[in-house]
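Below are some notes for a colleague who is looking at this structure for the first time. They are meant to be read with the model open.

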Protein chains: 2
Amino acid sequence: MAHRVVIVGGGFAGLQAARALKSAPVEVTLVDRQNFHLFQPLAYQVATGALSASEVAIPLRGILKRQRNARVLLGEASDVDLDAHTITLKNLPNGDGEETLAYDTLVVATGSRYSYFGHDDWAPFAPQLKTLDGALDIRARILRAFEAAEVEPDPAKRQAWLTFVVVGAGPTGAEMAGQIAELARDALPHDFRAADTKQAKVLLVEAADRVLTAFDPRLSAKAQRALESLGVTPIVGRAVTGIDAAGVRIGDEHVPAHTVIWAAGVTASSFASKLGGEQDRAGRVDVTEQLTLPGHPEVFVLGDMARPGGELLPGLAPAAMQEGRFAGRVIRDRLAGRTPPARYRYHDKGNLATIGRLRAVGELGPLRLSGFLAWALWLGVHLAYLIGFQNRLVVLVRWAFSFATHGRGARVISR
Amino acid sequence: MAHRVVIVGGGFAGLQAARALKSAPVEVTLVDRQNFHLFQPLAYQVATGALSASEVAIPLRGILKRQRNARVLLGEASDVDLDAHTITLKNLPNGDGEETLAYDTLVVATGSRYSYFGHDDWAPFAPQLKTLDGALDIRARILRAFEAAEVEPDPAKRQAWLTFVVVGAGPTGAEMAGQIAELARDALPHDFRAADTKQAKVLLVEAADRVLTAFDPRLSAKAQRALESLGVTPIVGRAVTGIDAAGVRIGDEHVPAHTVIWAAGVTASSFASKLGGEQDRAGRVDVTEQLTLPGHPEVFVLGDMARPGGELLPGLAPAAMQEGRFAGRVIRDRLAGRTPPARYRYHDKGNLATIGRLRAVGELGPLRLSGFLAWALWLGVHLAYLIGFQNRLVVLVRWAFSFATHGRGARVISR
């Protein structure tokens, strides 16, 4: 019987691990709760109506269609037995309760989500972008808020509908805030009659002392100015201390607002705790330099949920993809009787964040980019990494129209 | 104060009425529960993963953006006071309970849905295509059924997951059945490992004695042969007598199936009953030859929910659009002191239905078309009538890829 590799999670890390095993003498089973790979870096564009769900959610079966040694199973990995070398699956699509799946090698790549710093009661008022459903929920809330402003006669209440608070000024938060401001200032003003969408306030709240802390302070400053010129109000060095249906408390100040987007405090997915290893405060699992669970060389833990050699790597797609390919390489080498590389090394390919029309910042090795060049690079890189020629073409069409018309093509509120 | 025209429903009829009033001295208020116009003729392609929601759901505000005498209100028209000339709106986006809206002229165009012939208990097991949410629900059910077949070891249970029953063989039902068969035979076989999707059964059940009864019997016969060659099993002259989670009863026979799509028994939307006029068995309101409610020349009732002069018109987009434009014309003439046309005349532009790749049937006046020519015409007409150049281009890209690769680009299961 072929060596059984079970991969949990079809994100960047898991998918690359599966692909890296294409020619290996293994049986790959990729398990995911969803039937698609979410191209996370563009999820915020779904949330703001620039792109449609299908353009960033690519069916896993389609991606692995031609890889005959790989199969996809829809289901939720709920537990692992490290001694018996099995995982437990639940929520199977045929309605059966649970199934046990045996592995020879296990690859865990279930990713991360944003945590509410122990305030899970904030979650219903402040959805996050980590899933496609989250993105669609946020889109519906944003568009519905403008609709509410249109029918609301009371000026103060109307302003609360036109106030958007984004918590966390990492790339996702900054991109989100920029896009909402562009929607309000640029795309929507002529759509409404009673509400003046240009009166919208977009607050970007960050507990650290600057936006985009992963970037050089000079780029942070540029990004902050770009955000301000779009109409975003960055509020740095202050923490959110409360969220409810009426608004957000920032430090001691209460801001009436009905639309809050949460993009702060990354935490490892809950499956990390099933692995029994050391976890840091954010739930990330300590793994060896070969990305395996200490004492379990047959279990890889990849991506946002792992801390290789106790080191914290950036939670970016390229890092996850590299880890996936590395794990595939180690598995192949072991089966071929070769000595696998002793340690994973992160190759920093740089970092890009876009703020809005023609504006972005980027770091590529010693280079610091901003403005049009960074923006063009951002477009090119994201189009190139998006899976599927059809999706690239459709996204290109949508971007071209958004750019030319200042519109947003996917402004549908669906449940 | 300008003459207030309130239009309830942003479908084909309501939207055309609004547009026909573009240059009239009126204030148009278009009320809809949804923020988009659904291009109903392509909804079945969303349900089968060929198109994405945003491509057939076009924001009403975008469509009426430049029509300065028109505004859009999100809300549900729950009642009408014909004496006071007001309607009641509920489910407003700002959460307020109800609002009253006064009109000088009212245009009611809330459309139709499929009825379950008094068996509303079937509805949870047999969703319908009349809304975007319905289309997305059906897509999730179809794709999830294939996923269930993939994990189901028992052959009989697996076959039940691979059995799809479409009830009603009008254009929607026939198109739906053809697309599911193409999915199973053509698009998905290589996506699955354990399940043989080619074993899928697609039953198209019709109580009348042939499919596509609106067409000439010879075209029905051609359509039936085309369906059969795609792998659909048309079952004519037999009625569905029961539906539950386990399957469908067709006549006296029970067919185990978990995926049922309902496309039979059109009934007028429930708002029709608020108008207090004569209704036929399907809830359609009798209106005058000028499309107005008897005794209420200021109230137009258009589209699927009306029976102009006691005559039943086909429930097609062109008919609804013509009625919308006619109502606009009558309103304009009245305000200008001109004599409006005494009666609405339906101009039969023909009828097209597509069955699958390269197959369609059509009637254009005395012409009967089938095969490639009808199919090419179908594509052209639907692209031409789809609103928005961006949508046309994106749909064209998706169709070209579907055609070339036999794939379906939008196979996302979202909640």
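1. A residue is called buried here if 20 or more other C-beta atoms lie within 10 Å of its own, and exposed if 12 or fewer do. With that cut-off, helix H1 (residues 12-20) of chain A is mostly covered, since eight of its nine residues are buried. The buried residues of H1(A) are Phe12(A), Ala13(A), Gly14(A), Leu15(A), Gln16(A), Ala17(A), Ala18(A) and Ala20(A). Please keep in mind throughout that this is a predicted model.

2. Chain A as a whole. The chain contains 25 strands and 11 helices. Its radius of gyration is 22 Å, close to the 22 Å that the globule rule gives for 415 residues, so chain A is as compact as a globular protein of that length. Along the principal axes, the C-alpha atoms of chain A fill a box of roughly 70 × 45 × 40 Å. Of its 415 residues, 54% count as buried. Among contacts in chain A between residues at least 6 apart in sequence, 62% join residues that are at least 24 apart.

3. Domains of chain A. The domain assignment gives domain 1 (3-33 + 75-114 + 266-336) and domain 2 (120-264). The centres of domain 1 and domain 2 of chain A, taken over C-alpha atoms, are separated by 34 Å.

4. The contact between the chains. How many residues does each chain give to the contact? Chain A gives 45 residues and chain B gives 45 residues. On the chain B side, the elements that give two or more residues are helix H3 (53-56), strand E4 (57-59), helix H4 (60-63), strand E5 (70-74), helix H5 (132-151) and helix H11 (389-405). H5(B) supplies the largest share of that side, eight residues. By type, the chain B side divides into 21 nonpolar, 11 polar and 13 charged residues.

5. The pair of H11 helices. Two packed helices are described by the angle between their axes and the distance between the axes. The axes of helix H11 (residues 389-405) of chain A and H11(B) come within 10 Å and cross at roughly 170°. Angles over 145 degrees count as roughly antiparallel, and H11(A) and H11(B) are therefore roughly antiparallel to each other. From H11(A), Gln390(A), Leu393(A), Val394(A), Val397(A), Arg398(A) and Phe401(A) meet Gln390(B), Leu393(B), Val394(B), Val397(B), Arg398(B) and Phe401(B) of H11(B). The residues of this contact of H11(A) with H11(B) divide into eight nonpolar, two polar and two charged.

6. Asp209(A). This residue is found in the loop between strand E12 (201-206) and helix H8 (217-230) of chain A. Is Asp209(A) buried or exposed? With 11 C-beta neighbours inside 10 Å, Asp209(A) counts as exposed. Leaving aside residues up to four places away in sequence, Asp209(A) touches Val236(A) and Gly237(A). Gly237(A) is 28 residues away along the chain, yet the C-alpha atoms of Asp209(A) and Gly237(A) are separated by 4.5 Å.

7. Two phi values to check. Most residues other than glycine have a negative phi. Leu291(A), which is not a glycine, has a positive phi of about 70°. Leu291(A) lies in the loop between strand E19 (285-287) and strand E20 (292-293) of chain A, and is buried, with 24 other C-beta atoms within 10 Å. In chain B, phi of Phe117(B) is near 50°, also a positive value. Phe117(B) lies in the loop between strand E10 (112-114) and H5 of chain B, and is partly exposed, with 14 other C-beta atoms within 10 Å.

How values were computed:
Residues numbered from 1 in each chain as written. Chains lettered and ligands numbered in written order. Predicted model: local features only at pLDDT ≥ 70, side-chain atom pairs only at ≥ 80, totals over all residues. Contact = placed C-beta atoms within 7 Å. Helix = DSSP H or I, 4+ residues; strand = E, 2+ residues; numbered from the N terminus. Nonpolar A, V, L, I, M, F, W, Y, C, P; charged D, E, K, R; others polar. Rg over C-alpha atoms; globule rule 2.2 N^0.38 Å. Domains from an automatic or database assignment. Axes fitted to C-alpha atoms, helices over the stretch in contact; angles between N-to-C directions. Parallel < 35°, antiparallel > 145°, perpendicular 65-115°, else oblique.
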